[in-house]
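Please read it alongside the sequence and the model.

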Amino acid sequence: MFFWKILEKRNENVFVEKTDSIDSKKQNKKSYKKAGVFATVLTALALTVTGCSSPEAGGIEQSLADYQTQNQSQADAQTAFYDANVDGTMTVRFLDVGQGNSVLVECDGRYMLIDGGDYDYSSYVVAYLKNQGVETLDYMVVSHYDSDHLSGCVGALRAFDVEMVICPDYEGDTKTYYTFADDLEQYAVDYVHPEVGDVYEFASAEFTVVCPEECDYSDENDNSVGIRLTFGSNSFLVCGDAGEESEEDMVESGVYLQSDVYMAGHHGSAGSSTYDFLQKVQPEAVVISAGFDNSYGHPAKATMNRLKNTGADIYRTDLQGELIAVCDGTDITWNVEPSNDFRCGEDVVADGSVTKPSSSTTFDGNTGTSAQSGKITYILNTNSEKIHLLTCGSVADIDAANKKQVTATITELETQGYSPCKRCLD
Ligand SMILES: [Zn+2]
Ligand SMILES: [Zn+2]
């Protein structure tokens, strides 16, 4: 049957392509049925667009409009379906990794990591995930290969079983990128370069790839893989450092963008979160992940003004530290009140009265060092003077009198004479 042929072919394209020597059987065994179906519908529609397009522009526009309408109604139908079918919660954690991005998503006890922060935060991100009880990541989405997104992913690849890496189809030219590429080979991790419209199941949530349309943009940030993640009627849009050109392509392609929560592209830089794009996203809440007093001045004044015009609540890691959104399929509950501080990064710093939250850190983009890495909750054995993660097997054996819970950085604890446990913090 024609339809199923496309489906099979599409599945091959999406999941076998470019996996070369690595084991692609595991991918096929997993339940990507829905991915196939949705991707197929999009393919079929794309064919319609091409097939029906007469030489006149009118024909193309008409087909594209149909495509967008159907795309929209598909998304609505999908939302309606999940409204009635999700239980439990999905938790989205925007980690405080200074000037960088790292998002951990948990749903039904399964985990997905979207970016991992910069080099200085790599061990923090790994420790954070371990504290959350992560052993396996169903997905690791590497938006692009800039170190403020990639470094922590390399750390996590080495620390956890990763079922599938989703990353863009271009090559970086940094040491971190080569390490990443080597690790993919060495650990035989399945990876895929996704196409716009691909849909992946993630526990009772799912996500659709919304960008990049291509991978040879003049600005590598535009090659960022972006996803729209949905759980029931709750939705999140996370597009790495995608900027103007990629946003324009998303708007033109008609891919469905409307989302409850939008993670501002490129840390709130002036070249992202363009007016037309925001019109499509219509966020209710915006998260900005940027370092307090970062050398780029993120988030930019122009961006903050555009975001303010959307009427969305603003949450910012530079002022509020870690941000956690708990979704029940209908409502989204946050760990903090929105900051709704629409000042740009520079204005916030100029106002000396603003104090950053205790979990926040100062990252100096010029020297590449951070004043301190992120704080995390540890268990101390005051007798052996060892530092443990909450999930370390040794914790159960510590005598209650010698057990102490603290939230600090490893460095702080080391100055007090403690040393990291070899079992959990190696
Ligand atoms: Zn970045
Ligand atoms: Zn970047």
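The text below takes the core, then the helix, then the sheet.

The model is predicted: local features need pLDDT of at least 70, side-chain atom pairs count only at pLDDT 80 or more, and totals for chains, interfaces and linings use all residues. Residues are numbered from 1 along each chain as its sequence is written, while chains are lettered from A and ligands numbered from 1 in the order in which they are written.

**Core.** A nonpolar core is a set of buried Ala, Val, Leu, Ile, Met, Phe, Trp, Tyr and Cys residues joined through C-beta atoms within 7 Å. A residue is buried if 20 or more other C-beta atoms lie within 10 Å of its own, exposed if 12 or fewer, and partly exposed in between, with C-beta atoms placed from the backbone. The largest core has 97 residues, and Met 140 and Val 287 have the most contacts inside it. Helix 5 (residues 122-131) gives the largest share, 6 residues. At least three residues come from each of domain 2 (90-370) and domain 3 (376-420); these bounds come from an automatic or database domain assignment. Beyond its neighbours within four places in sequence, Val 287 is in contact (C-beta atoms, placed from the backbone, within 7 Å) with residues including Phe 94, Val 261 and Tyr 315.

**Helix 5.** Helices (H or I, at least four residues) and strands (E, at least two) are DSSP runs, numbered from the N terminus. Helix 5 is largely enclosed by the rest of the structure, because 8 of its 10 residues are buried. Among them are Ser 122, Tyr 128 and Lys 130. Their cover includes helix 6 (147-159), strand 2 (102-107) and strand 3 (110-116). After helix 5 comes Gly 133, with a positive phi near 90°.

**Sheet.** Strands pair if DSSP finds at least two bridges between them. Four strands form an open sheet in the order 22-20-21-23, with mixed pairing. Strand 22 and strand 23 (419-420) are the edges, each pairing on one side only. Helix 5 packs on this sheet, touching strand 20 and strand 21, and its direction makes about 75° with that of strand 20; axes are lines fitted to C-alpha atoms, for helices over the stretch in contact, and angles run from 0 to 180 degrees between N-to-C directions. Strand 20 (residues 376-381) pairs with strand 22 in the antiparallel sense over 6 bridges. Two bridge partners are tabulated.

| Residue | Bridge partner in strand 22 |
|---|---|
| Ile 379 | Gln 405 |
| Leu 380 | Lys 404 |

Strand 22 (residues 403-408) is hardly covered, with 0 buried residues among its 6.

How values were computed. Contact = placed C-beta atoms within 7 Å.
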